[in-house]
Amino acid sequence: MRNAGYLNLDTSGEETDGLLRSALKISHMRMIVALEDTGQVSGAAHLLNISQPAASRMIGEMESILGVTLCERLPRGVELTPFGATLARRARTILLQLREVDREIEDLKSGKGGAVFLGAVTAPAIGLAVPAIKRIRRDYPRIEISMQVDTSGVLARELLASRHDFIIARIPDDLNPRLFDARVIGIEKACLIVRRGHPLADGRQVQLEHLTDYDWVFQPGGSLLRRTIETMFISRNVPIPERVLNTTSLLLTMVMVAQTDAIAPVALDMAKFINAPDGLGGGIEILPIAFDIDVQPYSIITPRNRALSPAAQLLYDQILGEIR
């Protein structure tokens with residue numbers, strides 16, 4: 001068992017040398033920095049609130065551990081040797097880092113700081129995550145938030161690899177659901193978008209069979225939205241579109257829709273945002289279709305038996321607050 005307060009960094013079980021096995025204490029780090037700052041043993045002792053004999057003993061301990069002389073006694077104080085100066089320089093960095101660790105831990109405990117890594121599929125990213133993030137940024141500006149918008153399959157694997165704190169997605173069929181804790185929080189509604197002035201955007205309801213002969217922009221095969229659309233064609237005995245561009249890029253999807261007669265299925269929340277005057281005010285139309293496109297419900301998902309940090313818990317709770 002290691003003694004508390006020692007800087008023994010050898011946790012690998014392999015033979016190591018030098019400071020990794022030196023058992024220098026944090027108090028030793030403070031002492032060498034105080035010696036450099038004051039140039040006196042008495043001054044260092046005063047800074048550390050210890051007696052001068054105790055300070056002298058501490059210097060002797062360090063020199064015994066390292067096997068070098070750290071300071072030279074002068075008539076009016078001490079002067080660090082090159083060994084002492086090197087130790088003091090590194091000790092100052094170590095102490096600064098420890099203060100930063102202490103600050104970050106306190107921020108995390110209070111929820112005022114830290115970092116959160118979130119993944120989400122498109123609809124809840126826009127409808128739930130963005131409003132929650134806006135409130136977090138207003139009330140807790142020191143929290144750093146990173147969000148990845150992608151398919152459920154990608155996000156679930158990133159979550160298991162500890163690259164996300166939690167995700168808003170679905171558990172893929174090829175992953176064991178027992179690996180996750182999931183809470184269903186919504187159903188994603190999708191729609192079909194086309195450019196303004198598209199031949200089908202004449203105000204009349206569009207039937208599924210009207211769509212087969214157009215170009216389509218889809219997410220890659222196997223994605224949930226694509227499977228949902230293809231299943232609709234199959235269940236109604238309508239041929240699946242054959243002229244397809246596959247892409248995960250929302251930007252490329254928007255460009256293709258805006259500049260051609262292509263049709264693209266997207267989350268309804270995203271399409272509304274793109275078209276809204278206070279959104280992107282984009283040049284697309286939501287096709288008035290004679291059928292609903294309801295995608296499988298999505299959940300807020302964490303890995304089983306992995307606790308959220310205070311900052312991640314704060315964002316998690318804010319997102320849940322969006323659906324209450």
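Which residues are buried in helix 3? They are A54, A55, M58, I59, M62 and E63, where buried means under 20% relative accessible area, exposed over 50% and partly exposed in between, with a 1.4 Å probe and protein chains only. Helices (H or I, at least four residues) and strands (E, at least two) are DSSP runs, numbered from the N terminus.

**What kind of model this is**

This is a predicted model, in which local features need pLDDT of at least 70 and side-chain atom pairs count only at pLDDT 80 or more, while totals for chains, interfaces and linings use all residues. Residues are numbered from 1 along each chain as its sequence is written, and side-chain values use heavy atoms, with hydrogens and water left out.

The predictor's confidence in each residue, from 0 to 100, is called pLDDT. Its mean over the chain is 85, and 89% of the residues reach 70 or more. Confidence is lowest in helix 4 (residues 82-110), with a mean of 81, and highest in strand 5 (residues 166-169), at 96. Over residues 1-16 the pLDDT is below 50, and this stretch has 23 contacts in the model beyond near neighbours in sequence. A contact means heavy atoms within 4.5 Å. Where pLDDT is low, the predicted coordinates should not be read in detail.

**The chain as a whole**

You will find ten helices and 13 strands in the chain. Of its 324 residues, 40% are buried. Among contacts in the chain with a separation of 6 or more, residues 24 or more positions apart account for 69%.

Helix 3 spans residues 52-66, and its 15 residues reach 21 Å from the first C-alpha to the last, close to the 21 Å expected at 1.5 Å a residue. The expected span of a helix is 1.5 Å times one less than its number of residues. G67 follows helix 3 and has a positive phi, near 75°.

Within helix 3 sits I59, which has a relative accessible area of 1% and is therefore buried. Leaving aside neighbours within four places in sequence, I59 is in contact with M31, L35, V41, C71 and R73. The C-alpha atoms of I59 and L35 are separated by 9.5 Å, and the two residues are 24 apart along the chain.

**Helix 7 and what follows**

Helix 7 has twelve residues and reaches 16 Å from its first C-alpha to its last, close to the 16 Å expected at 1.5 Å a residue. Its buried residues are L224, L225, R226, T228, I229, M232 and F233. The cover over them includes strand 7 (189-195), strand 8, strand 9, strand 10 and strand 12 (293-294). For T228, residues touched beyond four places in sequence are I293, D294 and V295.

Just after helix 7, N237 takes a positive phi of about 55°. N237 is found in the loop between helix 7 and strand 9 (244-246). Most residues other than glycine have a negative phi, and most peptide bonds are trans. N305 also has a positive phi, near 65°, and is a residue other than glycine. The loop between strand 13 (298-303) and helix 10 (310-322) holds N305.

**Helix 10 and E322**

E322 is found in helix 10. Not counting residues up to four places away in sequence, E322 touches G127, L128, P131, A132 and R135. E322 and I185 are 137 residues apart along the chain, with their C-alpha atoms separated by 9.9 Å.

| Residue | Relative accessible area | Class |
|---|---|---|
| T228 | 16% | buried |
| N237 | 73% | exposed |
| N305 | 78% | exposed |
| E322 | 27% | partly exposed |

**The largest pocket**

The largest pocket has a volume of about 860 Å³. On a 1 Å grid over the protein atoms alone, a pocket is an open set of points where a 1.4 Å probe fits, with protein on both sides within 12 Å along at least five of seven lines, and lining residues have an atom within 4 Å of a point. Grid points are joined across faces, edges and corners, and the volume is the space filled by probe spheres set on the points.

Of the 42 lining residues, the closest to the centre of the pocket are T122, D150, T151, Q219 and L225. Elements that give two or more residues to the lining include helix 5 (122-139), helix 6 (152-160) and helix 7 (224-235). By class, the lining has 22 nonpolar, 14 polar and six charged residues. Here Ala, Val, Leu, Ile, Met, Phe, Trp, Tyr, Cys and Pro count as nonpolar, Asp, Glu, Lys and Arg as charged, and the others, Gly among them, as polar.
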